[in-house]
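Reader: I would like to learn how to read helix packing and cores. Please take me through an example.

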Amino acid sequence: MIDKNFINEIKKIVGREFVHTLPEELACYSYDSGVESISPVMVVRPGTTEEVSKIVKIISQKNISIIPRGAGTNLCGATVPVKDCVVISTERMRKIIELDRPNLTAIVQAGVITFSLHKEAGKFDLFYPPDPGSMKVSTIGGNVAENAGGPHCFKYGVTKDYVLGLTVVLANGDIIKTGGKTMKNVSGYNLTQLFVGSEGTLGIITEIILKLIPLPKSKRTIISSFLKLEDAMKTVSTIVSLGIVPSTLEIMDDLTIKTVEDYKHLGLPLDVEALLLIEVDGDEELVAKEVRFIEEVCKKCNGKGVRAAKNNIESEALWEARRSAYPSLSRAKPVVISEDIVVPRTKLVEVMKGIKEISKKYKIPIATFGHAGDGNLHPNLLADENNENLENAIEEMFKLAISLGGTITGEHGIGKLKSRFLNLEFKQEEINLMKQIKDTLDPNKILNPGKIF
């Protein structure tokens with residue numbers, strides 16, 4: 001199916017240097033952060049929407065599978081290749097086409113690095129809030145495809161809340177544009193949001209129109225530890241009940257704290273069940289007032305070592321513990337499986353205690369941290385090797401989250417790794433409806449096959 005003539009056709013579109021077929025070149029695209037897979041037969045790196053369209057038209061006529069790929073930082077196996085596939089990588093599509101200060105919008109190509117947009121927007125005193133943990137390497141297109149989140153979600157929302165419009169190449173190569181720069185638009189179906197979170201299974205996103213907001217004038221960070229998990233959760237609920245909405249409200253459990261301290265030696269307490277990291281932003285006077293309130297709440301709820309950063313340098317030092325969570329866990333064991341569940345905020349104590357029971361039952365250490373403000377936790381299973389108990393523990397965690405009114409993923413996505421668990425959350429009728437949408441937009445099932453379903 002992929003012969004010399006086919007390869008030459010693609011090279012004429014994008015240039016010889018942007019078509020890769022050598023084994024050592026393909027190996028770089030055979031995996032993502034979630035799972036390793038087989039190598040594709042070809043990788044193409046187009047630079048424009050038109051090039052993507054031309055490539056897809058040629059590939060679709062031969063009924064070859066296409067794997068759209070950004071930076072491959074997802075944690076659910078959403079960009080791993082399948083047999084005899086072509087990877088279309090957006091890594092060359094890194095233009096910030098427009099930053100519109102009066103309209104508070106940006107237009108970017110799909111390959112723009114998330115952190116690059118943060119920095120560029122900041123030059124205009126603008127703010128793009130979604131901040132996934134991989135933001136220094138992940139792409140905006142990948143963020144949109146996975147509907148990525150991050151610590152700022154509690155106050156500001158996730159990627160979908162900032163996507164106003166898209167340019168998408170469909171499975172037959174047609175180019176469509178959805179939405180626009182206006183804040184209001186109810187013409188027809190909301191096709192924009194249909195593609196957000198679709199993991200490259202419905203179309204290839206090439207350009208994005210994003211909403212921006214004014215950059216907050218001030219921000220402050222508070223840290224507090226708790227001997228009892230219940231006291232940490234009482235702190236969270238009390239802060240919210242007072243009408244304070246922190247920009248971030250992060251939690252780390254005891255195992256995470258111990259692992260981070262062993263790695264970084266930050267002086268974290270080792271006799272506590274939880275640590276909260278809270279950040280507030282906005283007008284300087286309001287921020288100062290909210291910091292005082294939060295400090296008082298932490299102390300009243302038996303918080304230990306309550307401390308507020310006085311400036312950005314101190315704030316960065318406090319954030320070092322949270323940022324070190326993933327790397328510290330990767331040092332602890334050879335196999336680290338980072339999961340992603342969400343429950344209503346009032347169920348956080350139940351789910352975290354349930355995770356401890358699952359850990360004990362299967363004799364697998366599970367370090368949990370995440371976004372306490374919106375109930376999104378990341379239980380990390382630590383093991384010496386992959387084994388059946390890991391799969392059993394993961395399934396039990398998902399069932400626990402669903403039983404508490406939650407979901408099996410809040411920001412990582414379904415991809416390949418969680419596809420077998422989709423029926424835990426949805427009825428067959430609901431899954432069938434999703435499949436009908438897929439069949440309509442991709443009747444030959446060539447776009448990212450094996451993902452979600």
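**Helices, faces and cores**

Author: Helix α8 (residues 229-241) and helix α10 (residues 284-300) pack at about 145°, their axes 9 Å apart. Axes are lines fitted to C-alpha atoms over the stretch in contact, and angles run from 0 to 180 degrees between N-to-C directions. Helices are DSSP runs (H or I, at least four residues) and strands are too (E, at least two), numbered from the N terminus. This is a predicted model: local features need pLDDT of at least 70, side-chain atom pairs pLDDT 80 or more, while totals for chains, interfaces and linings use all residues. Residues are numbered from 1 along each chain, and side-chain values use heavy atoms, without hydrogens and water.

Reader: Which residues make the contact of α8 and α10?

Author: Contact means heavy atoms within 4.5 Å. Thr235, Thr238 and Ile239 of α8 meet Ile294, Val297 and Cys298 of α10.

Reader: Which residues of helix α4 are buried?

Author: Buried means under 20% relative accessible area, with a 1.4 Å probe and protein chains only. In α4 (residues 114-122), these are Thr114, Leu117, His118 and Ala121. They fall within an arc of 105° seen down the axis, so they line one face of the helix. The arc is that of directions from the helix axis to the C-beta atoms.

Reader: How many residues has the largest nonpolar core?

Author: A nonpolar core joins buried Ala, Val, Leu, Ile, Met, Phe, Trp, Tyr and Cys residues through side-chain atoms within 4.5 Å. The largest has 52 residues; Ile278 and Ile294 are among those with the most contacts inside it. Helix α14 (residues 388-403) gives the most, with 7 residues. A second, separate core of 26 residues includes Tyr128 and Tyr156.

How values were computed. Buried means under 20% relative accessible area, exposed over 50%, partly exposed in between (1.4 Å probe, protein chains only).
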